[in-house]
Amino acid sequence: MERGVLITFEGTEGSGKSTQINRLADRLRCTGHTVRMLREPGGTPIGEEIRHTLQHSENNRAMTPETELLLLNASRAQLVREIIRPALHQGEIVLCDRFYDSTLVYQGYGRGLDLVAVKAVIDYAVGDTRPNLTLLLHVPLDVSETRRLARQSTASVQRDRMEEAGRAFFERVERGYRALAAEEPDRIKWIDATQNLEAVEATIGSLVEPWLRVG
Ligand code: TMP
């Protein structure tokens with residue numbers, strides 16, 4: 001029987017996910033909760049190697065969308081079994097920076113892979129481990145693009161294969177997020193992330209509150 005809560009964060013590049021995850025984790029810890037922060041792809045030693053292959057390795061230039069889908073879900077299968085399920089079993093609050101909704105929108109809508117096949121691979125990777133709540137931080141495409149390009153032009157930032165797709169790809173990703181949010185309004189909460197940090201933080205706080213059980 002799982003007693004914890006799995007909260008996932010979604011959104012396009014530059015939506016402020018990382019900042020908000022950190023703020024939420026700090027607040028929850030201050031009120032006595034045990035919080036586990038994870039990211040996808042990655043979050044385990046095996047997953048971090050897969051992340052490197054997907055994003056930064058010089059050998060990833062010829063990677064096909066199918067390979068990308070399977071590698072992402074290999075990382076996910078490991079994360080679910082090695083970390084997420086045990087943490088939920090211990091009653092922890094698990095905050096995950098991206099989870100399978102990213103695969104639906106980036107590999108399904110973005111890369112154009114068959115959604116039925118994508119869902120089947122996800123189902124195999126996660127089984128019945130599903131987010132209780134998903135916070136979707138939305139910024140308009142122009143804002144996201146400006147932030148992504150600014151980041152890429154910083155010399156110290158490693159090349160990221162996942163960010164090399166063109167605008168049409170990110171338009172499809174955006175469309176995918178809108179479709180998912182409409183399909184599952186109880187789980188996926190659409191948050192306007194163009195508001196100031198404090199306002200976004202307050203919105204997140206009120207959405208998370210009902211899921212908190214102390215002790
Ligand atoms: P990020 O951690 O900086 O957001 O980078 C992760 C990248 O990987 C981001 O471009 C989205 C992409 N991604 C997918 O395409 N599919 C997935 O299932 C996940 C988890 C991430």
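**Exercise 1.** Which residues does Ile84 touch, not counting residues up to four places away in sequence?

*Solution.* The model is predicted. Leaving out those sequence neighbours, Ile84 touches Leu6, Leu38, Leu79, Val94, Phe99 and Thr129.

**Exercise 2.** Find how α3 and α4 are oriented to each other, and which residues make their contact.

*Solution.* Two packed helices are described by the angle and the distance between their axes. Here the axes of α3 and α4 come within 11 Å and cross at roughly 175°. Angles over 145 degrees count as roughly antiparallel, so α3 is roughly antiparallel to α4. On the α3 side, the contact is made by Glu68, Leu69, Leu72, Asn73 and Arg76; on the α4 side, by Tyr100, Thr103 and Gln107. Sorted by class, this contact has 3 nonpolar, 3 polar and 2 charged residues.

**Exercise 3.** Describe the overall build of the protein chain and decide how compact it is for its length.

*Solution.* Start with the elements: the protein chain has 8 helices and 5 strands. Along the sequence they follow the pattern β-α-β-α-α-β-α-α-β-α-α-β-α. The radius of gyration is 17 Å, close to the 17 Å that the globule rule gives for 215 residues, so the protein chain is as compact as a globular protein of that length. Finally, 48% of the 215 residues count as buried.

Methods. Residues are numbered from 1 along each chain as its sequence is written. This is a predicted model: local features need pLDDT of at least 70, side-chain atom pairs count only at pLDDT 80 or more; totals for chains, interfaces and linings use all residues. Side-chain values use heavy atoms; hydrogens and water are left out. Contact means heavy atoms within 4.5 Å. Axes are lines fitted to C-alpha atoms, for helices over the stretch in contact, and angles run from 0 to 180 degrees between N-to-C directions. Helices (H or I, at least four residues) and strands (E, at least two) are DSSP runs, numbered from the N terminus. Angles under 35 degrees count as roughly parallel, over 145 as roughly antiparallel, 65 to 115 as roughly perpendicular and the rest as oblique. Ala, Val, Leu, Ile, Met, Phe, Trp, Tyr, Cys and Pro count as nonpolar, Asp, Glu, Lys and Arg as charged, and the others, Gly among them, as polar. The radius of gyration is taken over C-alpha atoms; the globule rule is 2.2 Å times the number of residues to the power 0.38. Buried means under 20% relative accessible area, exposed over 50%, partly exposed in between (1.4 Å probe, protein chains only).
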